[in-house]
Amino acid sequence: EDLQVGGRGRSGADGIGGERESVVTRCFQGRVRTVTQKVAITDDGMGNKVETNMGDPEDKEVPFMYLQFTLPDTPLFKEESERNIIPQVPLFTLLQKYDGEQSTLASIRGQGEYANKIKYIVTRLPKYLIFYYKRFSMNYWFEEKNKTIVNFPVKSLDMKDFLSPEEAKRRKSTKYDLLANICHEGTARDKGVYMVHVFNRTTNEWYQMQDLDVKDAVPQEISCSAPYIQIWEAQDYGLNPSE
């Protein structure tokens with residue numbers, strides 16, 4: 001399933017769920033509204049899938065610890081000239097999952113003929129946003145990695161279009177700056193290494209770190225990398241004086 005709500009005090013597989021208060025939750029926990037519509041999927045006899053709503057949609061607000069993004073599938077067969085070209089996608093395209101309009105189709109375990117269509121919109125921003133990019137998946141034989149490059153700004157990422165109108169109005173700022181960008185290099189989780197770009201606010205410089213190897217990093221290279229996990233910090237976290 002795309003959305004799995006965890007029990008009290010912990011997060012589910014989509015980073016959503018859990019209520020226990022701590023320093024971590026005060027810094028990283030936000031809230032998201034989900035509208036879930038169960039649908040039956042049938043074939044119209046001409047090879048087209050038909051979705052039929054089953055009952056009324058479920059509307060609820062739940063906490064999240066991170067926002068998850070599913071990367072677009074990479075082409076199975078490519079032209080010879082395209083074999084060495086790595087697909088790219090803008091972060092704003094992935095963020096549309098949380099615009100309250102786009103539906104995400106999630107299978108229901110044990111019910112192959114049914115699925116959930118889920119719409120998301122953020123109703124409360126945390127001071128620090130964690131983005132998780134789902135790069136690994138299992139096929140019939142082994143785990144494979146999606147190497148799609150994500151294009152994103154390192155400063156002033158505006159979340160306004162992915163907030164409820166009430167949250168957008170009451171916030172001093174809806175913009176975030178990147179603090180850390182974690183990447184994986186390799187073909188599988190157990191067959192590779194991790195590297196992180198870290199921003200030093202004191203020197204206003206970026207560094208690339210891998211084990212004990214630390215070197216300068218260029219923001220232009222970071223903004224077109226293949227992130228696995230990112231941490232963003234709100235520019236001016238708080239509410240408008242009138243709120």
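**A walk through the chain**

F142 is found in the loop that runs between strand 9 (136–138) and strand 10 (143–145). The model shown here is a predicted one. With a relative accessible area of 47%, F142 is partly exposed, because that value falls between the 20% limit for buried residues and the 50% limit for exposed ones.

The chain as a whole can be described next. It has four helices and 17 strands. Of its 243 residues, 40% count as buried. The accessible surface of the chain comes to about 14300 Å², and carbon and sulfur atoms account for 50% of that surface. Among the contacts in the chain with a separation of 6 or more, 65% are between residues 24 or more positions apart.

L129 gives an example from the strands. This residue is found in strand 8, which covers residues 128–134. The relative accessible area of L129 is 0%, so L129 counts as buried. Leaving aside residues up to four places away in sequence, L129 touches F64, L67, M159, Y176, Q230, I231 and W232. L129 can also be set against D177: the two are 48 residues apart in sequence, while their C-alpha atoms are 9.7 Å apart in space.

E167 is found in helix 3, made of residues 165–170. Is E167 buried or exposed? E167 is buried, because its relative accessible area is 1% and buried means under 20%. The side chain of E167 is joined to the side chain of R171 by a polar contact of 2.7 Å. With residues up to four places away in sequence not counted, E167 touches T123, R124 and L125.

The cysteines come next. How many disulfides does the structure hold? The number is zero. C183, at 4% relative accessibility, counts as buried.

The last stop is a pair of loops with positive phi values. N204 is placed in the loop between strand 14 (191–200) and strand 15 (205–210). Phi of N204 is near 60°, a positive value in a residue other than glycine. At 52% relative accessibility, N204 counts as exposed, because exposed means over 50%.

Further along, D211 lies in the loop between strand 15 and strand 16 (213–217). Phi of D211 is near 55°, and this too is a positive value in a residue other than glycine. D211 has a relative accessible area of 68%, so D211 is exposed.

L129 in strand 8 and E167 in helix 3 are buried, with relative accessible areas of 0% and 1%. N204 and D211, each in a loop, are exposed.

How values were computed:
Residues are numbered from 1 along each chain as its sequence is written. This is a predicted model: local features need pLDDT of at least 70, side-chain atom pairs count only at pLDDT 80 or more; totals for chains, interfaces and linings use all residues. Side-chain values use heavy atoms; hydrogens and water are left out. Helices (H or I, at least four residues) and strands (E, at least two) are DSSP runs, numbered from the N terminus. Buried means under 20% relative accessible area, exposed over 50%, partly exposed in between (1.4 Å probe, protein chains only). A polar contact is a pair of N or O atoms within 3.5 Å; within protein, one must be able to donate a hydrogen and the other to accept it, and residues adjacent in sequence count only if both atoms are side-chain atoms. Contact means heavy atoms within 4.5 Å. A disulfide is a pair of cysteine sulfur atoms within 2.5 Å. Accessible areas come from the Shrake-Rupley method with a 1.4 Å probe; for residues, only the protein chains shown count as cover.
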